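Here is a short briefing on a structure. Please look over the sequence and the coordinates before reading on.

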Amino acid sequence: MEEIIDKLEQTLLSVNHIASNEILRSVENNFSPIELIEKLIVPAMNRIGDGWEKGTVALSQVYMSGKFIENWVDKILPPGHPQRTDQPQMAIAVLEDYHMLGKRIVYSLLRASGFELKDYGHVTVKKVIKQIQEDKIQILLISTLMLHSALKVKELKEEISKAGISTKIVVGGAPFRFDEELWQEVGADAMAFNANDSIKIIHKLVEGKK
Amino acid sequence: MTQATMTSLQRVLTTLEHNEPDRVPFFLLLSMHGAKELNLSIKEYFSKAENVVEGQLRLREKYKHDNIYTFFYTGIEIEAMGGSVIFSKNEPPNTGTPIIRDINQIKNLQYISVKNSPDLNKVLQTTEQLKIKVGDDAPIIGVVMSPFSLPVMQLGFSTYIELMFEQAELFNHLMKINEAFCIDWANAQLEAGATAIVYFDPVSSPTIIPKEKFIETGFEIGKRMISKINGPVAIHHASGISIPIADELSEMGAGIIGASTNEDISDLKNTFKNKLTVLGNLNAVEMRRWSPKTTEDKVKEVIQKAGKGGGFVLADNHGEIPWQVPHEVLMAISNAVHKWGKYPLVQ
């Protein structure tokens, strides 16, 4: 299995989607969809995430890998599949910013890992408060690139408190990576250093609620 | 000339020759802070060249830094292309939705004129007026977004990455259009009086694309651009790392490299020694909450690690100091450079 994970990682990093597809096709009949995700896809994506964290993998490689894998997982575990349902109600958004790449990466990785979540796109504080109430969102992920967008989380958190909503806010992105105290300053419930980290945090938040 | 009488320009030129001037030069890459000086909203401030001229002069008078910065805001090039920039009260301008909604629109893109853009002309007027006021006392630093990084705003980041990896023909056409614009824009600023151009190219950083991709794309484009820009160029990755592509960066024809706070300044200095002057690398996000004492410690540390022998300009790591960084921190940076940056450096 290690050898297949290695090959998948390498073909994903070189953006060779034909080769990645061949590797996945060669083993898909040996596993259930969830097993394939857990035993092959998640370990390969974790290695890519670790490489990003160490500076040996570039953001574009993380993005292209996530996009390919998300599409592939959608084929074996389509949206609405019963094995996707037992999840916390989640959504992801960017706050008063048009930089969508980080959001797209986290969204793809979470979906590729079997989670289901709503993509709110670009939102204002007012709009997202309404959305999370309507959708009964338990965990809201906010992806940021610009500092002012990161600082907006404080206003969001205050509005959430005023409205008496229990939604947890998980933040991530460049401003939080460059200033590791910023997530606490803006009152977020957690900060994810990268897309893989967001999965660990979601598991922790879910465990904490049980 | 004794070392104590150096002008900012002389100081910067000396360090660019990898020699020690009278003290470490420092750039405060301030754009929006001029609005605070004039008590104007950011939108009002950037509505007239005269405001930016006055703002830049007042900032330099206050903080005694070694540069003038004619950068207005990210997205001004997009305005010239018909896109929008959103101004909000007391917040930095933000680029609107990408101007190219469908990648097939790229086929029909035409040459983008610098002369016909009121926004770019405002920058040129600012540069001309500042040159008259500043003369040869301090370098006037202009800015272009590289042809290779501009599509992040033209298309959106994710669409651009897909285009780069999957649509070679459209990618090449977009580069052709952007390259012609970038050269005209850089040279227009130099003609107006800019001393040097910062070539912002974050997408070329190994933070964003792998080295192999950079060598076939951003590296070749950058070499072409820098050879056609009629003045000194600083390459800046806007917080992105540089060391894994140091050999290529050193070959591109620039004089300065903007350094990320994610790389050790000693490593950067050693890597680019006698090849490129290192500009950096104070953490622009974190400095928002630094105390004067923390600021002094950070400045002292960077100077002691990178100052020896010249080839170093102290600055932030991003190429633009955030709007939220307060006066006290900027003053503490200035005080610390004047205290700890005198050559020969005290270890």
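What percentage of the 347 residues of chain B count as buried? The figure is 53%. This is a predicted model, and every value below is computed from it.

**Chain B overall**
- The secondary structure of chain B consists of 15 helices and nine strands.
- The C-alpha trace of chain B spans about 60 × 45 × 35 Å along its principal axes.
- Take the contacts in chain B between residues at least 6 apart in sequence: 70% of them join residues at least 24 apart.

**Contact between chains A and B**
- Chain A puts 19 residues into the contact, and chain B puts in 23 residues.
- On the chain A side, helices H4 (59–76), H6 (101–112), H8 (147–162) and H9 (174–178) each supply at least two residues.
- H4(A) gives the most to this side, with five residues.
- By class, the side of chain A that touches chain B has 11 nonpolar, five polar and three charged residues.

**Helix pair H1 and H3 in chain A**
- Helix H1 (residues 2–13) of chain A packs on helix H3 (residues 33–54) of chain A at an angle of about 55°, with the axes 9 Å apart.
- That angle makes H1(A) oblique to H3(A).
- H1(A) and H3(A) cross in a right-handed sense.
- From H1(A), the contact uses Ile4(A), Ile5(A), Leu8(A), Glu9(A), Leu12(A) and Leu13(A).
- These meet Leu40(A), Pro43(A), Ala44(A), Arg47(A) and Ile48(A) of H3(A).
- Nine residues of the contact of H1(A) with H3(A) are nonpolar, no residue is polar and two are charged.

**Helix pair H4 and H6 in chain B**
- Helix H4 (residues 49–63) of chain B packs on helix H6 (residues 118–134) of chain B at an angle of about 45°, with the axes 8 Å apart.
- H4(B) and H6(B) are therefore oblique to each other.
- The crossing of H4(B) and H6(B) is right-handed.
- H4(B) contributes Ala49(B), Val52(B), Val53(B), Gln56(B) and Leu57(B) to the contact.
- Their partners in H6(B) are Lys122(B), Gln125(B), Thr126(B), Gln129(B), Leu130(B) and Lys133(B).
- The contact of H4(B) with H6(B) has five nonpolar, four polar and two charged residues.

How values were computed. Residues numbered from 1 in each chain as written. Chains lettered and ligands numbered in written order. Predicted model: local features only at pLDDT ≥ 70, side-chain atom pairs only at ≥ 80, totals over all residues. Axes fitted to C-alpha atoms, helices over the stretch in contact; angles between N-to-C directions. Helix = DSSP H or I, 4+ residues; strand = E, 2+ residues; numbered from the N terminus. Parallel < 35°, antiparallel > 145°, perpendicular 65-115°, else oblique. Left-handed = near helix turned anticlockwise from the far one by under 90°. Contact = placed C-beta atoms within 7 Å. Nonpolar A, V, L, I, M, F, W, Y, C, P; charged D, E, K, R; others polar. Buried ≥ 20, exposed ≤ 12 C-beta atoms within 10 Å, placed from the backbone.
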